[in-house]
Amino acid sequence: MKQLQKYSLGAVCLWLCGLLLAGCVLFGAANFGKRCSPLALAAPEDETREETGEALSEAALRSLLQELDAVIDGILFWKESRLGVTNRSELLHVLSPAAGTSPTDWYAAALLQDPSYTGNTEAYMAQLLEVMKNPEPTDVEQYRRLLLWAWGGNMLEALPKDVVSPETLKDKGILSLVYELKYCAAFDLPVPEETLSSLLESELPEGGFALSGNVADIDVTAMTLQALLPYKEQEAVRDCIHRILVVLSRLQREDGSFASYGTSNTESTAQVILALCASQEDVFSDAFVKEGNTLWDGLKRFQLESGGFAHMQGGAENEIASAQALYACVMLRQNLMHQLPEHSEESTASTEEVLSSQEATQNVTQEGASQNASQEGEASQEKEPSSAQNGTTGGDGTGLGVHSLSGRQIKAVLLLLVALLGVLLMLSVFLGEVPGAKGERPGVKARFLWHKSRLLGILVGWSVLLVLLALFLRVDSVSEFALEHTLSAPSENQDVVYLSIDTRGEQGFFLEQEAFVLQEGDTVFSLLQRVTEANGISLAYQGGTFGSSVYVQGIGGLFEFEEGALSGWMFRVNGVIVQSDCESVTLSPGDVVEWIYTRNLGEDVAE
Amino acid sequence: MRSMANIHPRVWFLYLCVILGITMFLWHPGVAAVSLLGACLWRHRLQLSTKPAQLLGGLFFVLLLTGINPLISHEGVTVLFYLQGRPITLEALIYGALAAVMLESTLLWCSVFSNIMTSDRLLAVFGGRFPRIGMVFTLVLRFVPLFLRQWRRIREGQQALYGTAQSYRERFAGWKREMVVMLTWCLEHGLTTADAMAVRGYGNGSRSFYERYRFGRREAVCLAVILLLTDGLLVLWGQGYLRFECYPQIQGSWGQPMDFFALVLWSVLLFAPVVPKWRKKYF
């Protein structure tokens with residue numbers, strides 16, 4: 001009886017193990033499922049960078065820059081819609097009446113720093129000058145305005161006499177020291193040794209800086225780092241910078257952001273990004289990646305659907321937060337642009353110029369950070385329902401492991417698997433029975449021969465297969481493939497053709513009509529293939545080998561017959577349906593090719 | 001005490017058909033995995049061969065099919081990598097694995113089916129009501145093993161006459177000879193069978209049928225349990241559980257409590273008869 005119980009226990013255990021295994025497989029699949037949204041296939045480049053923490057590949061850099069552009073665009077759009085501005089180049093002009101006040105100066109700093117911004121700055125500078133004549137400014141405010149003045153391309157000498165000199169306003173608070181250092185650096189004044197040493201003295205015993213108390217404050221620490229950078233020739237300053245970087249790295253939160261007064265917020269995160277950009281540290285270095293989340297991940301999770309940034313998670317749009325985020329994004333973009341290979345070749349001459357102005361701009365940021373602290377209280381009170389939270393957060397789970405492997409590594413794994421399969425086959429044959437009747441024993445020699453020949457056959461066959469695969473198999477990882485197939489934008493003297501891919505359904509356009517460079521001998525199919533590869537849209541087709549005709553079965557996961565027996569992909573050239581092999585239709589310059597998903601054997605496409 | 005082997009063949013037939021049907025038509029990783037495990041256990045209990053060679057062979061088969069599907073099908077949206085410029089998608093890989101496991105378990109269940117449903121049981125299933133179908137069924141099922149057995153006998157005879165084939169040419173010639181002998185034997189055997197049946201009165205009006213098996217209370221209980229479990233499973237399926245779609249993106253229901261409950265129902269249906277305690281009692 002006991003024996004029996006043991007057996008049944010064993011069976012139940014086996015069964016549970018099976019269920020567990022199935023569960024693991026299923027949950028793995030569930031995670032995969034969540035991760036992949038249709039058509040967003042180009043995204044994985046990001047993951048490569050986040051997981052490995054290595055220097056960014058060019059493809060990753062480009063996708064990151066695109067993301068940055070989108071975020072910057074979002075903030076500007078939000079601000080414009082608030083002000084009722086329709087033309088972006090007028091934004092600074094509209095802002096000018098508020099020049100010299102905190103959030104507005106931030107937008108100005110970001111816009112002026114952005115090389116792609118082409119707007120008139122004169123009105124803003126004039127108003128700034130007016131504000132500086134105000135008889136009772138605080139020293140920090142006055143420093144900020146002066147820095148903006150310097151950064152706007154003006155000299156100290158150009159200041160009118162009636163501008164209040166900030167030196168007379170000194171109160172020797174830590175922010176005041178920080179600003180004085182930046183002010184001196186911006187106007188190339190002699191090194192203020194006294195200020196520098198008193199700033200270094202105020203470092204906390206555990207590292208970092210704070211307005212008061214013994215706990216390092218992120219904003220103040222990051223600002224101090226920015227102020228110290230121009231003086232890093234001095235050994236004491238260099239050591240201090242190193243300590244600050246260590247402290248900052250330690251205080252980063254798991255989601256990549258930074259917290260001030262216990263709350264992760266936009267401003268603190270933005271300040272650290274600014275400090276790292278200014279010190280030309282790699283913003284994406286391992287030291288600032290926590291649980292796979294980079295600083296950039298930490299910042300962008302505060303963006304709301306409207307484009308503006310919230311002070312903290314779950315909050316509403318906040319002027320200072322949006323302005324600082326905009327500024328950090330603009331600086332980060334500059335920083336990344338310099339890492340792009342061809343950019344650095346083109347603009348080595350202008351690099352120095354940009355860098356010096358970059359440093360000058362950093363100075364302007366400090367003021368907002370100090371306001372940050374005072375804003376903490378207000379911001380935490382105006383808690384909005386978290387439904388306002390944007391979808392940009394989340395989705396940062398573990399990526400597909402395959403994406404961090406290069407094509408070569410994937411190929412090695414594949415070959416290993418094929419070899420293992422061969423071993424499995426040999427084992428199953430070797431352990432197998434000799435064919436023949438039950439109880440019949442063939443001679444030892446016959447048995448041996450039988451095994452030997454079979455095993456030899458498998459061995460030779462499998463080795464040949466492996467060698468062939470090793471020689472001729474071409475494996476690309478997704479990022480390598482995208483990089484290889486990146487299409488350059490057509491220049492003016494090149495012939496172009498236009499392509500669009502329209503599902504005429506819920507999924508809308510896979511590709512809105514776009515111009516592509518016409519290559520020699522291009523057919524409708526070769527164009528489609530090139531473009532889908534470059535855009536990470538999956539393409540399934542039959543034929544095409546040895547000049548046979550090509551039939552496109554599915555684009556972007558949408559296949560023929562999925563929406564009825566008469567559904568499938570058709571194409572039009574210049575508005576005319578072509579009912580023939582897409583490989584045989586040669587394109588000429590200016591042709592408009594439309595791929596349309598029909599549900600009625602083309603009758604609905606004809607319209 | 002009546003043994004489990006004496007349960008009415010109609011119950012057995014229904015049971016195995018239900019299992020085969022669900023295994024083949026309910027596409028869900030959980031169902032397929034449990035089914036594969038169940039088939040292996042059943043084969044073990046029936047003392048069918050579970051040698052490592054066969055398990056390895058099965059594994060090879062499953063892995064091969066899993067690998068082949070993504071090479072042929074490029075559906076799905078999650079591109080893992082590109083092979084010869086064609087995308088290998090996660091969805092196709094998972095679809096391949098699911099299909100392979102399903103196929104393997106179906107094959108194993110078929111072997112279980114043929115082992116349990118011997119010809120006398122099959123005749124009892126169709127019984128007096130469909131004598132012709134039962135007749136044809138048993139003849140067909142008997143044919144392949146009979147054919148193989150006869151072939152082996154002929155080969156042994158040929159080898160005794162002419163010796164073991166030394167070269168491929170000789171072997172081929174041997175096959176040709178064996179095939180000719182087989183063909184004539186088949187024709188002759190068919191005639192003999194027909195004659196023997198005619199002598200026994202087949203085809204001369206209606207015949208009475210001797211039922212060896214009784215449909216008693218135990219059969220009713222078994223039938224009720226099988227139908228109840230199957231109904232539960234199908235109702236849950238109808239409610240949207242145990243659904244699984246691979247293309248274009250993996251979707252479906254798993255991990256919900258009701259899914260696990262459905263899998264438990266399915267497991268009870270498969271494993272209950274092979275639990276050792278009951279088996280010892282009935283088999």
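Modeller: Let us begin with accessibility: a residue is buried under 20% relative accessible area, exposed over 50%, and partly exposed in between, with a 1.4 Å probe and protein chains only. This is a predicted model, in which local features need pLDDT of at least 70 and side-chain atom pairs count only at pLDDT 80 or more, while totals for chains, interfaces and linings use all residues. Residues are numbered from 1 along each chain as its sequence is written, chains are lettered from A and ligands numbered from 1 in the order in which they are written, and side-chain values use heavy atoms, with hydrogens and water left out.

Biologist: Why is Glu319(A) called partly exposed?

Modeller: The relative accessible area of Glu319(A) is 23%, which lies between the limits of 20% and 50%, so the residue is called partly exposed.

Biologist: What makes the contact of Glu319(A) with Lys79(A) a salt bridge?

Modeller: A salt bridge needs a side-chain nitrogen of Lys or Arg within 4 Å of a carboxyl oxygen of Asp or Glu. For Glu319(A) and Lys79(A) the N to O distance is 3.0 Å, and therefore the pair qualifies. The two residues belong to distant parts of the chain, with Glu319(A) in helix H14 and Lys79(A) in helix H3, 240 residues apart; helices (H or I, at least four residues) are DSSP runs, numbered from the N terminus.

Biologist: Why is Lys79(A) called buried?

Modeller: Lys79(A) has a relative accessible area of 7%, which is under 20%, so the word buried applies.

Biologist: How do you know that Asp297(A) forms a salt bridge with Lys300(A)?

Modeller: Their closest N and O atoms are 3.4 Å apart, which is within 4 Å, so the pair meets the definition. Both residues lie in helix H13 of chain A, three residues apart, or about one turn of the helix. Asp297(A), at 1% relative accessibility, counts as buried, and so does Lys300(A) at 13%. Together with Glu67(A), Asp297(A) and Lys300(A) are linked in a network of salt bridges.

Biologist: In chain B, what makes Glu178(B) buried and Arg155(B) partly exposed?

Modeller: Glu178(B) has a relative accessible area of 6%, whereas Arg155(B) has 33%; the former value is under 20% and the latter lies between 20% and 50%, so the two words follow. Glu178(B) and Arg155(B) also form a salt bridge, with their closest N and O atoms 3.7 Å apart.
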